[in-house]
Amino acid sequence: VTGIDFHFGASYSITGRLVDEDGNAISNANIDVWSDSGYGWGWGWTDSDGRFDVGGMGEARDYRMAVWRNGAQYLYKGCESSCFTFKWDDAASIVVSGSDVDLGDLTLASIQSHTISGTINADVTDGTRIWVNAWSDTTFGNGWAELTLSSGSASFSMKVPGASDYRVSIDPDWNSGLQRGFYYDNGDGTALLTQNWDQATP
């Protein structure tokens, strides 16, 4: 097939700088930008000075931006008091129309102040690795920990943003012979595993 011409429209960049509450640059944070109406999407990382540049964006009036940092997703909402939120309904639209958009300095407050911890006990060979993951549907907050069993036991601890619906999954080495699943409290103080997400205990 010949004679097919592709015409690309103008593209623009969304730029800014990510800082903490003291004005220090936040590096190596993942930036995601997308539009539901224009199906535009782009991503990037903050550099050593906290700056990011997400290019190739077409015109749209409903871009949303998320920052992934230390296992949590923060949604851009503007900077009236703080620049980010966990709540989708509070996320602000970024309008791209005819020019690049510079969001300036964006403050990401430190809000991962909660801890999920526990102990894994299993009758397996020493050195077996297990990954413990936590996920919240309401905030998209998450955390993870990697541990290695010794004498059949290992403790874990992970920092997560505040939420009341975290579900915890246990993922051992594929060749360990251990079951993978979600934490489930059967009501008598004994923690079990289930394959059913809806049965998992927040």
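Which backbone oxygen does the side chain of Asn-30 reach? In this predicted model, where residues are numbered from 1 along each chain as its sequence is written, local features need pLDDT of at least 70, side-chain atom pairs count only at pLDDT 80 or more, and totals for chains, interfaces and linings use all residues. Side-chain values use heavy atoms, with hydrogens and water left out. The side chain of Asn-30 reaches the backbone oxygen of Gly-44 at 3.3 Å, a polar contact being a pair of N or O atoms within 3.5 Å in which, within protein, one must be able to donate a hydrogen and the other to accept it, while residues adjacent in sequence count only if both atoms are side-chain atoms.

Asn-30 belongs to strand β2 (helices, H or I, of at least four residues and strands, E, of at least two are DSSP runs, numbered from the N terminus). With a relative accessibility of 14%, Asn-30 counts as buried; buried means under 20% relative accessible area, exposed over 50% and partly exposed in between, using a 1.4 Å probe and protein chains only. Apart from neighbours within four places in sequence, Asn-30 is in contact with Trp-43, Gly-44, Trp-45, Ala-66, Val-67 and Trp-68, where contact means heavy atoms within 4.5 Å.

Thr-46 sits in the loop between β3 (41-45) and β4 (51-57), and it counts as buried because its relative accessibility is 3%. The side chain of Thr-46 reaches the backbone oxygen of Ile-26 at 2.9 Å, and a polar atom of that side chain lies 3.0 Å from the backbone nitrogen of Asn-28. Not counting residues up to four places away in sequence, Thr-46 touches Leu-18, Ile-26, Ser-27, Asn-28, Ala-29, Ile-31, Arg-51 and Phe-52. Asn-28 itself lies in the loop between β1 and β2 and is exposed, with a relative accessible area of 59%. Although Asn-28 is not a glycine, it has a positive phi of about 60°.

We turn next to the nonpolar interior. In soluble globular proteins, nonpolar side chains tend to be buried together. A nonpolar core is here a set of buried Ala, Val, Leu, Ile, Met, Phe, Trp, Tyr and Cys residues joined through side-chain atoms within 4.5 Å. The largest such core has 25 residues, of which Ile-14, Met-65, Phe-84 and Leu-106 touch the most other members. At least two residues of this core come from each of β1 (12-19), β2 (30-35), β4, β5 (60-69), β6 (72-76), β8 (94-96) and β9 (101-107), and β5 gives the most, with four residues. Leu-106 touches Arg-17, Leu-18, Val-19, Phe-52, Met-65, Tyr-76, Cys-79, Cys-83 and Phe-84, residues up to four places away in sequence not being counted. Apart from this core lies another, of 17 residues, including Ala-145, Phe-156, Tyr-166 and Val-168.

Ser-136 lies in the loop between β11 (129-135) and β12 and is buried, with a relative accessible area of 0%. A polar contact of 2.6 Å joins its side chain to that of Asp-165. Leaving aside neighbours within four places in sequence, Ser-136 is in contact with Gly-141, Ala-163, Asp-165 and Tyr-166.

The loop between β12 (142-148) and β13 (153-160) holds Ser-151, which counts as exposed at 67% relative accessibility. Phi of Ser-151 is near 55°, a positive value in a residue other than glycine. Ser-150 is found in the loop between β12 and β13 and is partly exposed, with a relative accessible area of 44%.

Finally, there is the largest pocket, which holds about 490 Å³ of space. A pocket is an open set of points on a 1 Å grid over the protein atoms alone where a 1.4 Å probe fits, with protein on both sides within 12 Å along at least five of seven lines, and lining residues have an atom within 4 Å of a point. Grid points are joined across faces, edges and corners, and the volume is the space filled by probe spheres set on the points. Of the 21 lining residues, Ile-120, Ile-170, Tyr-183, Ala-191 and Leu-193 are the closest to the pocket's centre. β10 (114-121), β14 (167-172) and β16 (191-194) are the elements that give two or more residues to the lining, and β10 gives the most, with six residues.
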